[in-house]
Amino acid sequence: MHKFGKLFNDLSETTVQHLLTEVPHTVKSFASQETIFTEINYNKQLGILLKGEVQIYITLTTGDRLLLNQLNAGALLGTGYVWGDAEYFPATITAIKPSTVLFLSKTSLKKLFSLEPIILDNYLTAINHSFLHLTNKIELLAIPSVKERLLFMITQACQSNNCISLNKSKLCHELSISRASLYRCLDQLQKEQSIQIHSDGKISLPPSISK
């Protein structure tokens, strides 16, 4: 993946630069903690995160924030809503590091699809990944125990890597727990032989579970 993000996978940067001269687009910079999309400030545009890091969350009736995803450079923002008929965006996207986003309208996307069909393939792949992530998130939220939620997240991560390093700050935020609670859950899972914590801090599933 190059600097123009997942939408342009398998295309050279020279090709992407030429394509962008063919369609209207805007590029905006956002400071850390600045909002990119809100429920009412959306404008049905696709965002391509060229640089930085963002969080996607919803605000509950209690005022608490529920983290849905945390994305890095190359990610697409708002993939499933450019063609929708909803009048609002269902979440808030906020930069957590200084970020740069390229915005494309529905009209610009349609022209890009006609110019390079592989861009449509990349777009549909991104929608599929977003759907799978949301499905996993719903399944995670249905688990009542924090410890079992943590095990679910570790199991999901270990499907693509046998041994993983955990971003503890991100985990605490996603599970809405303190670091002390996180370490207690990890310790309990290890005592129950549900996970293995290695000397370098990485985590894997026991062979009996990972097979």
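Start by selecting helix H3 (residues 117–141) together with helix H4: their axes come within 9 Å and cross at roughly 155°. These axes are lines fitted to C-alpha atoms over the stretch in contact, with angles running from 0 to 180 degrees between N-to-C directions. H3 and H4 are therefore roughly antiparallel (the word is used for angles over 145 degrees). Now show side chains: Asn-136, Glu-139, Leu-140 and Leu-141 of H3 make the contact with Arg-149, Phe-152, Met-153 and Gln-156 of H4 (contact means heavy atoms within 4.5 Å).

A word on what you are viewing: this is a predicted model, where local features need pLDDT of at least 70, side-chain atom pairs count only at pLDDT 80 or more, and totals for chains, interfaces and linings use all residues. Residues are numbered from 1 along each chain as its sequence is written, and side-chain values use heavy atoms, leaving out hydrogens and water.

Next, select helix H6, residues 179–191. Ser-181, Leu-182, Cys-185, Leu-186 and Leu-189 are buried here (under 20% relative accessible area, with a 1.4 Å probe and protein chains only). They sit on the same side of H6, because they cover an arc of only 135° around the axis.

Finally, go to Pro-24, in the loop between helix H1 (13–21) and strand E1 (26–30). Pro-24 is exposed, at 63% relative accessible area (exposed means over 50%). Leaving aside residues up to four places away in sequence, Pro-24 touches Leu-104 and Ser-108.

Note on methods. Helix = DSSP H or I, 4+ residues; strand = E, 2+ residues; numbered from the N terminus. Expected span 1.5 Å × (residues − 1). Arc of directions from axis to C-beta. Parallel < 35°, antiparallel > 145°, perpendicular 65-115°, else oblique.
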